[in-house]
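Keep the picture open and follow along.

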Amino acid sequence: MNVSLVALCCRTADRTAGAVRGAQTLAPLIGKRLGVEPRTIGTPSEPRDSGYEADLRDSRGCLLEAGGQVEDALTGGRVPVIAAADCSIAVTTVPAALRHRPDARVLWLDAHGDYNTPDTSGSGYLGGMSLAAACGEWDAGLGDTIPAEKLVLAGVRDLDAGERELLERSAATVIGASVVETLVAVKNALDGAPVFIHLDLDVLDPEEFSTPFPAPGGLSSDKLYDLMEAVADDSELVGVEVTAFEAPEDPDELADAAETAMRVLDPVLDRIAADAQE
């Protein structure tokens with residue numbers, strides 16, 4: 001099958017131990033669904049509350065590897081599917097995807113915009129600056145960037161003041177979680193273009209799915225499933241990355257959380273499997 005499935009386990013900006021366990025949990029489940037064996041890249045490191053400069057320095061190799069995996073997959077005619085701990089990978093993965101597919105758009109499903117810069121971020125968290133870096137709003141020193149007009153952010157509901165201003169000035173399309181017709185708005189914004197999907201599972205409502213950085217008022221799993229199904233029906237899937245699955249330590253809670261995550265992924269995995277077998 002022409003799919004490249006990776007569990008990225010090296011540290012990017014991990015601040016909790018459950019995030020990399022989540023990637024390790026999801027990758028085999030995705031692999032079973034697609035009929036491929038996941039490749040594990042890197043080994044987990046101790047999570048820590050570091051500033052963006054330290055994380056950029058210490059995680060440079062891991063971040064470049066993430067983009068390299070997308071690059072290698074697309075060069076080889078394969079669909080990249082990546083499970084990772086946090087959104088920092090987007091600094092390299094999103095530009096890599098659009099280098100190969102400049103006709104594509106990026107669907108960013110996340111409670112957060114991750115559109116801060118070092119000047120606007122109150123936390124200094126690299127994950128919260130990743131999309132802004134991918135769009136060249138600040139220089140992370142990791143290579144190419146993409147035009148913001150290629151972005152469709154959906155489910156976003158927790159923005160810092162500075163990143164809200166940056167997004168409002170940008171050419172990105174932002175669709176909040178409170179929009180009644182989120183699905184229709186996303187379909188209209190993508191307009192059938194090929195799409196690279198970034199799924200941060202905190203786009204789901206925290207009452208239904210626990211995440212490290214919960215933001216009330218998220219999408220239900222039913223609503224997210226319908227959105228993913230509509231996108232998979234309308235658009236060619238260039239690739240998918242899944243982040244922020246905070247794996248519970250309790251086995252029963254882990255099984256329930258994994259079931260929810262896999263359910264919302266089902267439509268895109270179905271499409272990838274079907275396309276890869278053609």
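The structure holds 1 cavity of 30 Å³ or more. On a 1 Å grid over the protein atoms alone, a cavity is a set of points where a 1.4 Å probe fits but cannot get out. Grid points are joined across faces, edges and corners, and a volume is the space filled by probe spheres set on the points. Rolling a probe the size of a water molecule over the atoms shows where empty space is left.

This is a predicted model; local features need pLDDT of at least 70, side-chain atom pairs count only at pLDDT 80 or more, and totals for chains, interfaces and linings use all residues. Residues are numbered from 1 along each chain as its sequence is written, and side-chain values use heavy atoms, with hydrogens and water left out.

The largest cavity has a volume of about 30 Å³. The largest share, 3 residues, comes from α8. Helices here are DSSP runs of H or I with at least four residues, strands are runs of E with at least two, and both are numbered from the N terminus.

Now the largest pocket. A pocket is an open set of points with protein on both sides within 12 Å along at least five of seven lines. About 440 Å³ of space lies in this one. Its lining has 26 residues, and His-112, Asp-114, Tyr-125, Gly-128 and Phe-213 lie nearest its centre.

Next, find strand β7 (residues 195-200), which holds His-198. Is His-198 buried or exposed? His-198 counts as buried because its relative accessibility is 0%; buried means under 20% relative accessible area, exposed over 50%, partly exposed in between (1.4 Å probe, protein chains only). Leaving aside residues up to four places away in sequence, His-198 touches Cys-87, Leu-107, Trp-108, Leu-109, Asp-110, Glu-241 and Thr-243. Contact means heavy atoms within 4.5 Å.

Finally, step back to the whole chain. Its secondary structure comes to 9 helices and 8 strands. Of its 278 residues, 57% count as buried. Among contacts between residues at least 6 apart in sequence, 76% join residues at least 24 apart. The C-alpha atoms fill a box of roughly 45 × 40 × 40 Å, taken along the principal axes.

Methods: 1 Å grid on protein atoms, 1.4 Å probe; cavity = no way out; pocket = protein on both sides within 12 Å on 5 of 7 lines; lining within 4 Å.
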